[in-house]
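My plan is to look things up one at a time and write down what I find.

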Amino acid sequence: MASDTKAEPRWLDVPTPDVHLRALSWGPDDAPIALCLHGFPDTAHGWRKVAPKLVDAGWRVVAPFMRGYAPSSTSTDGSYHVGALMDDALRVLEAAGPTGRDVLVGHDWGAIAGSGLAAMPDSPFRKAVIMSVPPAGAFRPLGQMPDAGRLAAQLPRQLLRSWYIMFFQLPFLPERSASWVVPRLWRQWSPSYAADEDVALVLDAIGAPDNWRAALGYYRATIRGSKPPPRYADLHDHWLSPLRLPTLYLHGSDDGCASADYTRWVEPALPAGSRAEIVDGGGHFMQLDRPDDVARLIVDFVGTN
């Protein structure tokens, strides 16, 4: 990492009843928080290029390793439901010291959890930035979507792009796939980015069997529709709901995971004070392959301190 002190994060430990979370923290402890949630297959290190730029704008960046991603622990009750991810984010915010001016930035699975937090009627965040995965609430109910035929035409290609989700539902084989699935997805999803360093960081975090099984658990809990433990049930109810917070939605033009075309349906469904932007040349991991553009758009939306 760079020698500049803004790029040298400190550690924050957050024990909870279910997991022990570890987070990276950049910037002064008394600044308002930009809570940055990573997705799959990524780590909190994925924010390392954007974080110093947000610190320059007066934010403290706090980026937890999601449950199951070392050095955070796996779940003692086996819950990898969206409600559990939302609970983790709220606990990290509480441990970091909420200011009432804090914002949420979520990418991929962090975007899914972030959409749930942005849909809460009593969300502790002031604004949200959702990246690369459209909020589920923007597509409900499907029968009332504008240009529904055009949206339906996207589905065959999206199913091909999402092959890994169905693969993860199989018995036995997915548990042995980390070493080839992770680099393949990075090549497909951010094709212009030299990902060797990040692939190594990801395999350090979820390459071990228990951690990889946890990463698969996110997809299995969602696709199979299993119920979360009672402690997460109320939060879990929000992730399919329309957003309430002013939200910036970002999608890379070259995202190989999901088409930037979805932005046309997301933007009209966002609440007042929101906007959507396509990051030119950005892949799925645009916070790494287009960090300057992403940081500028985030700061333009959430402001400076």
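**Entry 1: the model.** I noted at the start that this is a predicted model.

**Entry 2: β1 and β2.** I began with strand β1, residues 10-15, and strand β2, residues 20-26. How many bridges join them? I found 6, and the two strands run antiparallel. Then I checked which residues face each other across the pair. Leu12 stands opposite Ala23 in β2. Asp13 stands opposite Arg22, also in β2. I followed the chain from β1 to β2 and found a hairpin with 4 residues as the link.

**Entry 3: the other partner of β2.** I looked for β2 pairing with β4 as well. Strand β4 covers residues 60-64 and pairs with β2 over 4 bridges. This pairing is antiparallel too. Within it, Leu24 has Ala63 of β4 as its bridge partner. I also looked up how covered β2 is. Of its 7 residues, 5 are buried, so I wrote "mostly covered".

**Entry 4: a residue in the loop.** Next I went back to the loop between β1 and β2 and picked out Asp18 there. Is Asp18 buried or exposed? Its relative accessibility is 1%. The cut-off for buried is under 20%, so Asp18 counts as buried.

I then asked which residues Asp18 touches, leaving out those up to four places away in sequence. The list is Arg67, Thr74, Ser75, Thr76, Asp77, Ser79, Arg231 and Tyr232. Two of these I looked at again for polar atoms. The side chains of Asp18 and Tyr232 are joined by a polar contact of 2.9 Å. With Asp77, the backbone takes part: its nitrogen lies 3.2 Å from a polar atom of the Asp18 side chain.

**Entry 5: the cysteines.** I searched for disulfides. A disulfide is a covalent bond between the sulfur atoms of two cysteines. The count here is 0. I took Cys36 next. Its nearest cysteine sulfur belongs to Cys257 and is 19 Å away. Why is Cys36 in no disulfide? The two sulfur atoms would have to be within 2.5 Å, and 19 Å is the distance to the nearest one. From the side of Cys257, the nearest cysteine sulfur is that of Cys36, so Cys257 is in no disulfide either.

Last, I checked how covered each cysteine is. Cys36 has a relative accessible area of 1%, so it is buried. Cys257 is buried as well, at 6%.

Definitions and conventions
Residues are numbered from 1 along each chain as its sequence is written. This is a predicted model: local features need pLDDT of at least 70, side-chain atom pairs count only at pLDDT 80 or more; totals for chains, interfaces and linings use all residues. Side-chain values use heavy atoms; hydrogens and water are left out. Two strands pair if DSSP finds at least two bridges between them. Buried means under 20% relative accessible area, exposed over 50%, partly exposed in between (1.4 Å probe, protein chains only). A polar contact is a pair of N or O atoms within 3.5 Å; within protein, one must be able to donate a hydrogen and the other to accept it, and residues adjacent in sequence count only if both atoms are side-chain atoms. Contact means heavy atoms within 4.5 Å.
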